[in-house]
Every structure is written in C-alpha cells, then in structure tokens.
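Reader: I would like to learn how to read a few features of a structure, taking the general idea before the particular case.

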Amino acid sequence: MMIKTKALKEMITCNTIKLTYIKRCLLYIFICFSVKGLSQPVTAANFSADYPVIHPQFRQWPSPALNNVADCVSPTLLWPNNKKATGYDIRLSQDASFAADKTISKQNIQWTMYTPHRALNEGTWYWQYRQHDGKWSDVLAFRITGASNKNFSPPVEKMYAAIPAAHPRVLIDKSGQKTFSAQNKNTADAKMIIEEAAKLVKLAPPPETDAKSKLKGKSKAENDKIALVASSRASNKIYNAVHLFCKAYILTGDQKYAKKAIEWAMSVSGWDPNGLSLLSDFGDARCMLSMALALDTFYDQLTPSQKKILTDAIHIRADRFYHSWINNIDAKVLSNHVWQYIFHYFFQTAIAVYGETPDAANWINYAYELWLARAPVLGGDDGAWCEGASYFRLNMETLLDVPMIIKQYTGYDFIANKKWYELNPYWMAYSFPPGSSTDGFGDDVEKIYSPGTEYLAYADALSKLTGNKLAAWYAGEIERMGKNNTKTEERVNGVTSYKKSADDKLKLSDADMLRWFRMRYLYGVKRPDPIDVSTLSAAQKFPGTGVADMHSAITNRQNDVMVSMRSSPYGSYGHLLGDQNTFNVLVGGDRLFYMSGHKVAMQDPHRLGWYKATQGHNGILIDNKGQPFNSEAYGYLPRFIDGKNLGYVVGDASQAYSSQAEKEQTGLTKFRRHLLFLYPDILIVYDELEADHAAKWSWLIHSPYQIKIDAGKHAFYCNSEKVSANTSLFTTQNLQWNITDTFAVQAVNWLGREDEDGNLIEYKNDQWHLTAATTTNVDKIRFLAVMKINQHGEVNAAPVSYQLNSKGELIIDNWVIKAELDAAKPALLEAFNNDKRIAFTSGGDELKMGNETFNGKINGSSKLAEWIDGKYVFSEAGDVMPDAVKNIPVEKH
C-alpha cells in the first residue's frame, strides 16, 4: 500500500501550539497534576529523560532519602547490597552529627534492611549505612509528618514470644484444634479435603528415582529444563499427599492419615538433599515443608529418633535457602519463585521447627523483616500485579496467609496497613473482569479465559478480611457468570482456572485455592454487600505497575469494549514481556486484537523470539528490532484522563528499546503512544517516534481472527463472526503491508505439556499477524490508526467509514478528529463532538467548545471538556512520573 505525504496533509491537518519535548540526555521538568489517579502525583524535577532504569535488578540507591516524607512513623531503611559484605551497620538520628545519646544504631546486620519497630518523632531524620566497621555512607534524610501512618509493626521478639511451645502450630494451633475440627466437620471444604486424602491413602511414597525424567531433549538447555520439571513433579507428589494427610487427620482424627503422613515424610527425609530434588527450588521447598508439616502435626506421635531425622533433614534445606537469600533477595527487584511459594513455605517451616533448632530464630527474623520491607514485591501501592493476571494466581495464598501468620503472633495487621490490598480489587475488576479474558500482559495470560475459581476464592477471602465491597462484587459476579469452558486450558504450575462440571456452575468450594485458609480464618464470616457498580468509573490507571484499562461498559461484559495499555517502570524482567507501549482490545470479554504466541518454557526459543519479544505484541519495531529483556527496558504512563465520554492514556517507551546490561542499543530516542478511546466503539492510536538515525519503522497488530487488508484505502479489518473491527492507518511515509498466520519462531511442545484433560498440547499457527513497515528509512515518523468496532448487527468487513470536512478534518460518526502527522511539527491529537458538546486536545494551550474557552493550569496539558448534567466539566493532565522516581537521587542522573 502506498500513501502519499501530500494527500495525507490534505486529509488530516491541524494547527498546533508548540509543545516542548526536551531532547535525549537533557532534563525534563515534570509538573505534578493528576486526574482521578490512584496515587498522589510525584514531583520529579531534574529527572533525566534518558535515565537508564527505575527499578534496577538490584537496589542502587538507599531509601527513604532525599528529604521525602516516610510512609510510616517506623519506616524501613533500605540500601544497596555488596555481595562480599559480611554485615552492615546503620545509625539513625534527628541529630545530623549522630550524637551517641540521640542515635538509634544497629551493628552487623546480615541483610540490607532495617526497621526501627518504634514510632519516630515528627521532623527530619538523618541516617547512614556502611559495611560492618567500614566507611559511613553520605548522610541521608527523610521526614516524619502527620501524613505518615501511625501504625507500625512490633519487633520480631514479640513473634518469638507468641509462638506456642506445643505442636501443632502451623496448620492449626493445638489449643484450637478441637473447635476447628468440630465447626468444619461437615463443610464442603472439609469433605473435599477428606475425599482427596482418601484417594491417596493406599499409595506408597514414590522413590527418589521418580525425580529423574525419561524424556530427552535436543540440547543441554532442553535437558536441563526437562530434568527440573521432573524434579518438581516428584516433589509435588510428596507435598500434595502429605499436606492432605495432615489436614485430613486434623479434621477427622483418623490414625490412618497420621500413619501415611509420617511414612511419606520419613521417606523424603531419606532423599539426598543435594540430589535430584535440589534441581527444582520449588521441589526442594516442598520437600522441606512436607517434612515440617508432618513433624509439627504429629509431633506427639513421633519417636525422638524420628524427630531428629526430620529436623536434621529440614535444617539442611531451610538453612540453605536462608544463606542464599540474605544480602540478596532483600536487595533484588524480584525473585519469582521465592515470592510465589517458597517464602511462604520457608516461613511456615521456620515456625514449625522453632524451638527444635536454634537457627529457626534467624529464619523467622529474616522472613519477618523481609515481608514487612518488600511485600507485595510487584505491587507497590497501586493495587496491580506487575507480572499479570495468570502469575498473580501463584501469589494469592502467600499474599493472604503470610499477613495472617504475622497478625496471629504479633497483632500487627499488615493487610489493613498496606494500601495495595484496598486497591487490588480495582485492578482485578478493570484488568480481568468477571467472565472476560485478561488485559493480555504477562506470562501465561493466553491460557486463561475467565477469572475462575482462583480469583473467586481470593476475592471472596479479601472481601471478608477487609470488608471491601468491590472485592465482594467481583466474587459474586464470577459465581453468577459461571465457567467459561469454551476453551481448554493448559495447567500452569498445577493451577487451572476451573474444573469442568456437569452444570458448569462455580461454587466457592470448587476452589482448592485458599481452601484451608477459608476454613481456618473465615468460618462463619459473611461476604459483605457488593459495591454500587454505578459508582465505578469507565477507566482506571495503575501507574506504579504501568497498566491502564478503559471500558465502554465496565459492569456489562456482553456489551463491553475493553482497551488496555501497558508501559511499565519494571521493564521486561522475569515474567514481564517486551511489551512497553502495547495495547490489547477485547469485545464482550473475548479477544479481538491481542498479544500472540505461547509460553512453552522460560528459555524456549519461541518464547524468547516471539512470545516475549515485541514482535509478538501490538507495538512498534525499529529496524526490525524490539525491546531488550531487562528492567532497563522500561516505560511509564505519564498522562491519563478518565472522562464520561472518552478515556485517554499516554505511554512513554522512549527508554524501552535499549539496555546497557544487554548491550542492545536500537537508536530509538522517543516513543510516545496516545490511546484515545471514544466510547463506545472508536479507538484512536497516535504514535510519536524518533531515532538517532534514519530507521525502518514497523507498526504491528495481532488477532486470533483473520486480518485482511485493503491496500488501496490504507486499511485493514477482521471479524470474529460476532464483532468486526475496521481500521484505517495513516502516516506520511509509504508502507509495505504484510500479513501472516505463521510465527517467525515456531512453538514446539518439547516439554510434553498437557491440558486439563491430560491431552498433549499442540501449539498451532492459528493467530494472524499484520505488519505495516515503512519503505523509506526516516529518523522521525507519526502513525495514526483509527479503529471502528461494530459489535451489533451484521458483521461489517468494510474499512472505516469517514469523511473530510472543508478543513480537511476527519469525520467519523459525530466525531471530528485532528492529528498532526508531520514529524517536524509538535505532536497534537484532538477530538470534538458538537452533538454531545465534548472537546479534547492532547496538548493545546487552550480548548474551545462552543462559546466556552478552557485554559487550564498546566502549560501543554491534555484537556477535556464535557457537557454533563447541564454544565461543562473540565479535566486536564500534565506529565506525571511513577512514584518510584522520588527515591532516585539527582546525582545519579
């Protein structure tokens, strides 16, 4: 398809007021202003436009510092780690000279965090850290004010004192065991546990050799992964059986379960702790916890010899985790397996053997301080989960059960004092609505098509623990809608979204997730009344994790058009993908334009070459290259407006295409993407792109349905037999179009993965991929995509129907669209609807609607004026940086 510059300028023109974009290597000044945001805006004066990282893989600067206000009156001090350090010292005082009688100090700390566990007085506080007996750091400062949370956690000694001497104490306290068993005797959850345990009671424990795989790969990398999976599966068998035996015994008192749990635990105690079960950290941890649960639950039935054997075997594995974590995990942005399950297992294990081995006190101390300092590790305060909806499931039990353990022994309510838990239901409701697929960001999201029983269990528990009405609505809607079993899901680390049943109805008791938690902490607790859904806005932004979701009908899945965008300060680390400034479109809960490919395994060629790579997402390539895989390849969402008639979000991925650590430099210097969603069915995508050289630019989009192009009208369209989307794509350069239904890197099931029914997964080429690439290399370019979604009546396979008015402006339905495509001029996107009296500009100094003029308070801000209930409502948004940048020292720029 060929598009001529002159013709475009006649079609789409606009007079723009110059916006200042400060070039690469200079400093921005960001003005703080937020519209309906979830968090307070951040003043980030002098933050560098090309700063290499916001969330480094390991901490690079201390906090709190820079005279910021501490969140709590007893804030956790954090500092960079040195792997060679044997310990650290800190000192903290309101006296900048650190007079001894006015200073709190701690010597030889084994990790990179310290919490005073006391209320600090209001005012300025100074602190320093050093390697033990080394040179002190520069003096750091923060403030305690009236805004700092007055609640704080007690010292770990309170937890030590509260752990009972008697066993059991992990699954249930001995003092409450009889009451617990009596009240749960006939519950659906108890019956399910007993039924599952009974299926296993005649089985013998598997031999250690079961952890060795019989499959063979084609390379060392494949063989290593195959061996790891086999190791994990064998250990899972042990854990799944032992924890069921322990729970069934607590509920029934039947000795057959005690006998089997002890038999299986003693069997695994004889496994080589440095052998096959060590290949998988999950397997290692599950062997450890299996023995700990048996020791704790049946402590009074074990012989001294058995206790010693179990304690010694547990100690080897637990102490290995401890020594590999200290001065490491506490300073690391993320270690997935640790925070998903292993931390939880480790904490439970430490409590089980407290008093049996002296080192357990150190394990508890570290786990307690680590949780208070870092959790939720990928959530921040915006309520979202950075790795997406699928992997969030793997964190659910840890996120709820660990705080309950802390509350049980210390009285400190972590959930009530962490804003993330209050906002988390918003992320679930907007990014993964009941009855809908997810927003499409993060590993394994392609495998789940509705929230299912895990999300039902989690939302139900959160609503009952906190009284959160949105969580209650979310859980109720999942139950009401039932299961979406039109797709067969792949099991992800043993987790599936639902189990098939004859009546296709969801019940809370269907969920193995949080089953024991419900029985222990939520017995008799009523779910609160749901929120009045009419109070929910159409769009929501989660700035800390970098996701925004816009809905045409948030509470009506059947009629909802959902547009989601990701540009994350965390970059593409771990289970995050190379998808900064990409978007997905869902209609009626089904995927229309969506990320593509399959997660076979973390280091699988298809995952790395397509699924995780930018080319598998609805984004941009420069010179056929996408984003590196590193926390340095980050983005963020600087602007967001949540209007009644439209939603608007801007993503900045200018740093996402380079990484010093990965030694990748594409030369991209600016990528600013604007999504303007004109409710209910028009989506505008406007891209600003620049490079330090003349480059080839590729605009990408993917769909599970066939995409067709109309080259003569610079358009493409697709339909799902339910809805259609017709899109015109404009730019000033000639474009070469390409459509394929084949992955550039094929997906092969070399791991032998199975679906829920036990059938081998076949990764098919059943997705469609469109690329529109420039035929001439240029250093600057703009793209404008105008998408019209038709979700009612006959499916329309024609391009977007638009007209040009006398000014050369684009007319779609009752909307007038203007966009500046000349890259030599300041970027500008505008939309007007005279019928509904709506006006929007992405950056004009003033906005006119009828006889009204709106200037705003922020120079160059995005502005929206809407006629609502007999008057104009005005909103504006200037650039706001992620909250995390407030901790980055200016001298680091």
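**Reading a strand pairing**

Author: Ile 817 has Ala 831, in β30, as its bridge partner. This is a predicted model, in which local features need pLDDT of at least 70 and side-chain atom pairs count only at pLDDT 80 or more, while totals for chains, interfaces and linings use all residues. Residues are numbered from 1 along each chain as its sequence is written, and side-chain values use heavy atoms, with hydrogens and water left out.

Reader: In what sense do strand β29 and strand β30 pair, and over how many bridges?

Author: Strands of a sheet pair through backbone hydrogen bonds, either parallel or antiparallel. Here β29 (residues 815-819) and β30 (residues 829-833) pair in the antiparallel sense over four bridges; two strands count as paired if DSSP finds at least two bridges between them, and strands are DSSP runs of E of at least two residues, helices being runs of H or I of at least four, numbered from the N terminus.

Reader: Which strands are at the edge?

Author: The open sheet has seven strands in the order β27-β28-β29-β30-β31-β34-β35, with antiparallel pairing, and its edge strands, β27 (803-804) and β35 (871-877), each pair on one side only.

Reader: Is Glu 721, with its positive phi, buried or exposed?

Author: Most residues other than glycine have a negative phi. Glu 721, in the loop between β22 (715-719) and β23 (724-730), has a positive phi of about 70°, and it counts as exposed at 72% relative accessibility, where exposed means over 50% relative accessible area, buried under 20% and partly exposed in between (1.4 Å probe, protein chains only).
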